[in-house]
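Me: I would like to learn how to read the features of a model like this one. Please take them one at a time, with the general idea before the case.

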Amino acid sequence: QESSEMKIPKKPKKIKKEKRTQPPVEAPYVPPKPKRLPRSSPDKVIDIFEGMTITELSQRTGEGVDTLQDVLQDIGEQISLEFQPLTMDVAELIAMELGLNVRRLHLEKGTNLQTRPAVVTVMGHVDHGKTSLLDALRQTSVAAKEAGGITQHLGAFVVNMQSGASLTFLDTPGHAAFSAMRARGAAVTDVVVLVVAADDGVMPQTREAMAHAQAANVPVVVAINKCDKANADPQKVRIQLCSEGLALEEMGGDVQVVEISATKNIGLEKLEEAILLQAELMDLKARIDGDAHAYVVEARLDRGHGPLATAIVRSGTLVPGLYIVVGAEWGRIRALRDMLGQPIPSVGPSMPVEIDGLRGLPLAGDEVVVVASEDRARKLSNGRKVKMEEERLRRQTEEMIKSEPVDEEKVERVEMALIVKADVQGTVQAVTDTLKSLNSSQVLVNIVHTGVGAISQSDVDLAQACGACIVGFNIRNMPSSVDAAARRANINIRQHRVIYHLLEDIGNLIVSMAPGICETQVAGEAQILNIFELKGRSKAKGDAKIAGCRVVDGRISKTARIRVLRSGEVLFEGSCQSLRREKQDVEAVGKGNECGMIIQDWDDLQIGDVIQCLELVSRKPKFISSESGAVRIEC
């Protein structure tokens, strides 16, 4: 029965093709609608915020709503109404397609605003006692573990004060090479504690820290450290700070000054009171609901966990499982850890946290953005990577144009290729920027690769391929197999744990590689006292004039070039045919001695003429390191 009910499919009818006797009619050509190409505007930045409409975005970008609708379809998003709110992620994707840069505006309009702890950054000159102060506040010893006794990282941790309040501290390095780290510390902070040594006074990095704080519009609390020393002079420090434009409370300003001694635990309670008073005046509040907004202060590569980013949450709550985009990298939060390495279920405003789960290593200073899905995170990450690569190539081209010597004399220039490896991302950036500043007209410093972690086999292979020197800073020893491969390939590896030693070593290496500039230098001068004529030497040579001279400076050499001057004017430049002293042929005559000289192809000599001996010398550049730690190559 079932088989009888089954319907037999009908065969499709054959359509008989018509025989065309007339040629086909040519239809007019309609060109397709031209697709808009994204234009790159590296200097144009537009502000975007959560909930903006496509009409508002159209006004900011200068493009029509129809164009933005087409871009939305291209990136796989659909907005039906012109006044439908956009998320910041979608707005940024549209701007990327149009070749524009964006600045995200985070509007703190949460339903649950709560008082948050203050983020305090400790800044100041190198070796003025910043880390010792933090050690005293949290009763630990970090300074003893630092290589060379100076901080070379940007560390974030929470300190529970004796009064019960908690403060988040950022410890910034004071060496000149870490300027970018100090700028990042000032950008994410609420209060800057400026540490000045009472026995040293205001130094270059002290002034720089004040400039960073003023640029970020952050209040300053001055801590005059090392007041227990015999040669301490706090009053002199106050006068110096006033002369630098800092309005101290004692002078009618609003900047608090506290005299302390970190090693003797003197004045720490007063400093705590000053910081908490400043935080209370600022009335710091943040929303705790909604998506988190955070900034990366440091990033490192861990052998067991992979890329890890240390961030400070500015608002919202960060929990595991969220999809995030950090700079040009993305990932899903696998775990959150506090500064002791313990897992935590969530983290709120002003708290430092270590984020585990990123696909790549972000840059220090990058913004942490929570997105809705993996697809959107991947699109944002890819778009930012393309943008970063375009910016890198543009910057590289500009640097090459600027670094080309503009002198009329073509200076020979050699390239020194470097591979930089360090323990954390922020240090990599700091070391790379400082090494690039050692560029000179004779040696071009080319950073071919940077990375975080120990020196690997791929680094050795890359160094062998491009003839690079590997610079390792504050990293663990490389495996024995990699060390053996580097020795076989004759790779130059420089490893250091203190920034002073690293810069001095690379600076001397640059000086040794420089070809030098050939210059003509006066090696000696002689004055003609008398002229003797030598007649009838031979038919070929003819007569000759001998200049009786006394060497008044340097030495006269027979093989060097000779210059004849009369009344300061150059008459002739050539070579010496004969040089004698006491009837003996000599190669050179020193200062204070008399000699006889025949100048080839020149006999117009007069008593009182000056004969200069010229020699070519190669002038090498000099590596100069100032007291503040700043370094440069001087040609």
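Reply: Start with a strand pair: strand β12 (residues 306-315) and β15 run antiparallel and share 5 bridges. Two strands count as paired if DSSP finds at least two bridges between them. Helices (H or I, at least four residues) and strands (E, at least two) are DSSP runs, numbered from the N terminus. This is a predicted model, in which local features need pLDDT of at least 70 and side-chain atom pairs count only at pLDDT 80 or more, while totals for chains, interfaces and linings use all residues. Residues are numbered from 1 along each chain as its sequence is written, and side-chain values use heavy atoms, with hydrogens and water left out.

Me: Which residue of β15 is the bridge partner of Ala309?

Reply: Ile355 is the partner of Ala309.

Me: How many residues of β15 are buried?

Reply: Buried means under 20% relative accessible area, exposed means over 50%, and partly exposed lies in between (1.4 Å probe, protein chains only). In strand β15 (residues 352-358), 7 of the 7 residues are buried.

Me: In what order do the strands of the open sheet of 4 strands run?

Reply: The order is β18-β17-β19-β20, with parallel pairing. β18 (443-452) and β20 (493-496) are the edge strands, each pairing on one side only. From one strand to the next the twist averages 20°. Strand β19 (residues 469-473) is joined to β20 by 4 bridges, in parallel, and Ile470 stands opposite Ile493 in β20.

Me: Which helix lies across those strands?

Reply: Axes are lines fitted to C-alpha atoms, for helices over the stretch in contact, and angles run from 0 to 180 degrees between N-to-C directions. Contact means heavy atoms within 4.5 Å. Helix α14 (residues 499-513) lies across β17 (414-422), β18, β19 and β20, and runs at about 160° to β17.

Me: How do I read a pair of helices, and at what angle do α2 and α3 pack?

Reply: Angles under 35 degrees count as roughly parallel, over 145 as roughly antiparallel, 65 to 115 as roughly perpendicular and the rest as oblique. Helix α2 (residues 54-61) and helix α3 (residues 65-74) pack at about 110°, with axes 9 Å apart, and are therefore roughly perpendicular. Ile54, Leu57, Ser58 and Thr61 of α2 make the contact with Val65, Leu68, Gln69 and Leu72 of α3.

Me: Which residues of α3 meet α4?

Reply: Leu68, Val71 and Leu72 of α3 meet Val90, Ile94 and Glu97 of α4. The axes of α3 and helix α4 (residues 88-97) come within 10 Å and cross at roughly 105°, so these two helices are also roughly perpendicular.

Me: Where is Asn490 found, and is it buried or exposed?

Reply: Asn490 is in the loop between α13 (480-488) and β20. It is exposed, with a relative accessible area of 69%, and its phi is near 60°, a positive value in a residue other than glycine. Asp601, in the loop between β27 (594-599) and β28 (610-619), is not a glycine and has a positive phi of about 65°.

Me: How many disulfides does a search of the whole structure find?

Reply: A disulfide is a pair of cysteine sulfur atoms within 2.5 Å. The search finds 0. As for two of the cysteines, Cys466 is partly exposed at 33% relative accessible area, whereas Cys469 is buried at 6%.
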